[in-house]
Amino acid sequence: MTNSDKGLHKLTYREAVREAIREAMHKDERVFLMGEDVGRYGGCFAVSKGLLEEFGSERIRDTPLSESGFVGAGIGAALGGMRPIVEVMTVNFSLLAADQILNTAAVYLYMSGGQFNVPLVIRMATGGGRQLAAQHSRSLEGWYAHIPGIKVVCPATLEDARGMLWTALQDPDPVLIFENAGLYNMEGTVTATAGPVDIDRARVCRAGKDITIISYSASLHKSIEAAAILAKEGIEAEVIDLRSLRPLDEQTFLNSVAASHRALIVDEGCRSGSIAAEIAARIMENVFYELDAPVARLCSVEVPMPYAGHLEQAVLPQVDQIVNLVRKMVGADG
Amino acid sequence: MAEFCMPSLGSDMQAGTLIEWRVQQGDRVRRRDVIAVVETDKAAIEIEVYEDGVIESLLVEPGEKVAVGTAMAVIGTESAVKEQAMPAISAPGMHRGKVSPYARTLAAARGVDLNMVIGTGPEGAICAADIEQAAPAEPAKPAEQPGEVAEPTQRAAMRRAIASAMARSKREIPHYYLQTRIDMHRTLQWLASENAQRPIKERILPVVPLIRAVALALGEVPELNGYWLDDHHRISEAMHIGFVIALRQGGLMAPAILHADALGLDELMTALRDLIQRARSGGLRSTEMTDATVTITSLGDLGVETVYGIIYPPQVALVGFGKIIEQPWAEDGMLGIRPVLTATLAADHRATDGHRGAQFLDALNRYLQEPEKL
């Protein structure tokens with residue numbers, strides 16, 4: 001029996017995002033995509049390849065290199081009744097639009113006394129590991145998660161890449177979707193009927209009783225790989241995909257930590273002031289007396305992202321580091 | 001700064017429940033002040049503080065049950081600066097090593113003394129696995145038979161405490177037993193005439209001269225007064241005589257008459273009356289629960305003739321008294337009827353031999369033949 005017989009079809013993360021955009025465009029004529037090079041070039045990461053031909057330049061709009069300008073335009077369109085998907089090339093560049101995102105989109109509903117909500121979706125690439133150096137490799141989703149008024153989601157799986165966009169478009173308020181650029185080539189299968197998924201709950205990807213590894217985005221896959229190695233040594237790690245950083249579904253990881261008594265957070269962001277720090281604090285606040293070891297964090301080394309491949313890998317969290325940390329935490333490091 | 005920790009009020013105590021604080025934050029306390037009341041498996045005990053200082057913070061709320069060694073309050077000591085320079089001195093029952101919060105929770109729930117656990121976690125921390133090792137979770141209890149009445153928790157807890165101490169005693173202590181019959185007519189006659197001159201409230205019970213005689217006899221055989229600890233016999237200079245008191249609701253306690261050797265009959269009577277009253281109403285002090293150096297058990301009121309006692313570890317001797325019974329008694333070729341007491345000694349053969357034990361019973365008998373000197 002082949003995959004297609006079972007209603008499964010093979011695709012990449014990139015294709016899953018593209019399918020999600022196409023579906024949204026077909027389902028709702030208010031939806032359109034705009035950003036730098038999303039049209040003629042097919043998107044900097046080739047996500048929107050072919051969409052210009054399919055939907056035309058009215059709905060697939062190339063913008064000038066002005067993040068503040070086109071994110072602001074997206075806010076205006078959303079206020080005007082449209083359902084824009086704004087693509088920002090990388091999270092580094094989103095800082096040029098930070099004022100629009102944080103000081104306008106996030107607060108407009110509040111500052112207008114509840115009169116105007118901003119149903120805007122902003123997609124952006126995040127993360128390092130592709131030798132794009134300090135210009136393109138930041139992981140600032142944890143930063144955005146600090147801000148009330150927006151939602152911050154991080155699809156790590158094909159199902160989420162495929163299913164989060166529609167739900168985000170249905171949300172009355174701004175939703176930021178962070179796509180780790182290292183995941184675009186990830187291949188897998190989803191069912192032909194894969195549809196919208198929630199964007200506010202964490203998910204237990206792998207059950208285990210000895211430790212809880214809390215992660216999201218690209219780090220999730222490293223955590224899952226580490227868990228498989230640890231399983232061979234008899235260490236059963238539970239792996240949690242946060243999926244959403246704001247809202248943060250703390251109940252899922254608190255329940256897990258309360259049962260496993262150990263927690264490791266793997267986060268590609270820098271450690272200081274990170275979402276990992278927030279999670280560690282919530283564990284302390286809620287299940288301190290269940291802890292059998294100090295909460296541990298594995299984050300990126302706090303330096304500007306190096307260009308050299310080996311240095312870049314040294315900065316990012318790695319599978320062997322997760323394995324070693326867990327061994328130490330469960331007292332299995334000999 | 002010092003931590004005030006849940007004291008161990010006996011070798012069998014694993015946890016205690018704070019009933020009340022007698023102090024507030026900011027209060028100045030002096031060594032031996034009672035600052036808290038703690039409910040153990042046996043009774044409510046008044047807990048004394050070991051430092052002079054000021055209560056900086058109270059860490060445990062009334063109603064909380066915490067394991068022995070858990071910090072309950074922080075006391076700022078006068079010589080805080082000086083103390084910080086010196087290595088901290090651990091009070092008994094205090095654990096200063098690394099312990100994971102979950103391990104502490106488990107230890108408290110299972111009554112594990114953290115001082116007895118070796119940590120195998122990161123940096124030698126005690127973690128849950130170490131507690132599991134020390135005290136595995138109890139297997140699920142079979143469903144209760146219908147009609148079976150569950151034992152009240154408090155009584156069950158006391159039963160467990162007694163079980164733990166007595167099992168340890170029989171497991172570890174090679175007891176030897178000696179028994180002698182003592183003619184009590186001189187003591188009782190002297191006591192009767194003495195009491196006749198006293199108002200009822202000041203009368204002395206027959207057990208008081210017995211305690212006094214034990215104290216004096218122990219003065220001659222001090223090896224029986226002390227502990228067997230860490231493979232060593234430690235003779236105690238102070239003499240704190242534990243006296244077994246049966247509780248009305250069942251169970252027993254053996255609080256100590258502190259410095260019993262320094263007390264005359266009247267003082268002993270006062271001390272004993274006070275001790276019994278407080279044992280039954282709650283309000284024993286922590287030192288009374290922990291510091292006994294030898295124990296007396298008297299079951300005479302119940303008609304028992306001979307007591308074969310079990311030593312309360314880590315003590316090394318227990319003196320048992322039965323009922324004083326009129327019996328035929330031959331002395332100087334004459335047969336008479338005398339009130340006779342059977343006294344027994346249960347002693348730890350690691351600490352003493354039967355010879356010394358015999359000398360103790362002989363001395364005891366001798367003192368009871370000269371009651372006016374008691």
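Predicted model: local features only at pLDDT ≥ 70, side-chain atom pairs only at ≥ 80, totals over all residues.
Buried residues make up 39% of the 374 residues in chain B.

**Chain B**

- Chain B contains nine helices and 20 strands.

**Helices H11 and H12 of chain A**

- Two packed helices are described by the angle between their axes and the distance between the axes.
- In chain A, helix H11 spans residues 250–260 and helix H12 spans residues 275–287.
- The axes of H11(A) and H12(A) come within 10 Å and cross at roughly 60 degrees.
- H11(A) and H12(A) are therefore oblique to each other.
- The crossing of H11(A) and H12(A) is right-handed.
- On the H11(A) side, the residues that meet H12(A) are Glu250(A), Phe253(A), Leu254(A), Val257(A) and Ala258(A).
- On the H12(A) side, the residues that meet H11(A) are Ile279(A), Arg282(A), Ile283(A), Asn286(A) and Val287(A).
- By class, the residues of this contact between H11(A) and H12(A) comprise seven nonpolar, one polar and two charged.

**Contact between chain A and chain B**

- Across the two chains, 10 residues of chain A are in contact with 11 residues of chain B.
- The side of chain A that touches chain B consists of five nonpolar, two polar and three charged residues.

Conventions:
Residues numbered from 1 in each chain as written. Chains lettered and ligands numbered in written order. Axes fitted to C-alpha atoms, helices over the stretch in contact; angles between N-to-C directions. Helix = DSSP H or I, 4+ residues; strand = E, 2+ residues; numbered from the N terminus. Parallel < 35°, antiparallel > 145°, perpendicular 65-115°, else oblique. Left-handed = near helix turned anticlockwise from the far one by under 90°. Contact = placed C-beta atoms within 7 Å. Nonpolar A, V, L, I, M, F, W, Y, C, P; charged D, E, K, R; others polar. Buried ≥ 20, exposed ≤ 12 C-beta atoms within 10 Å, placed from the backbone.
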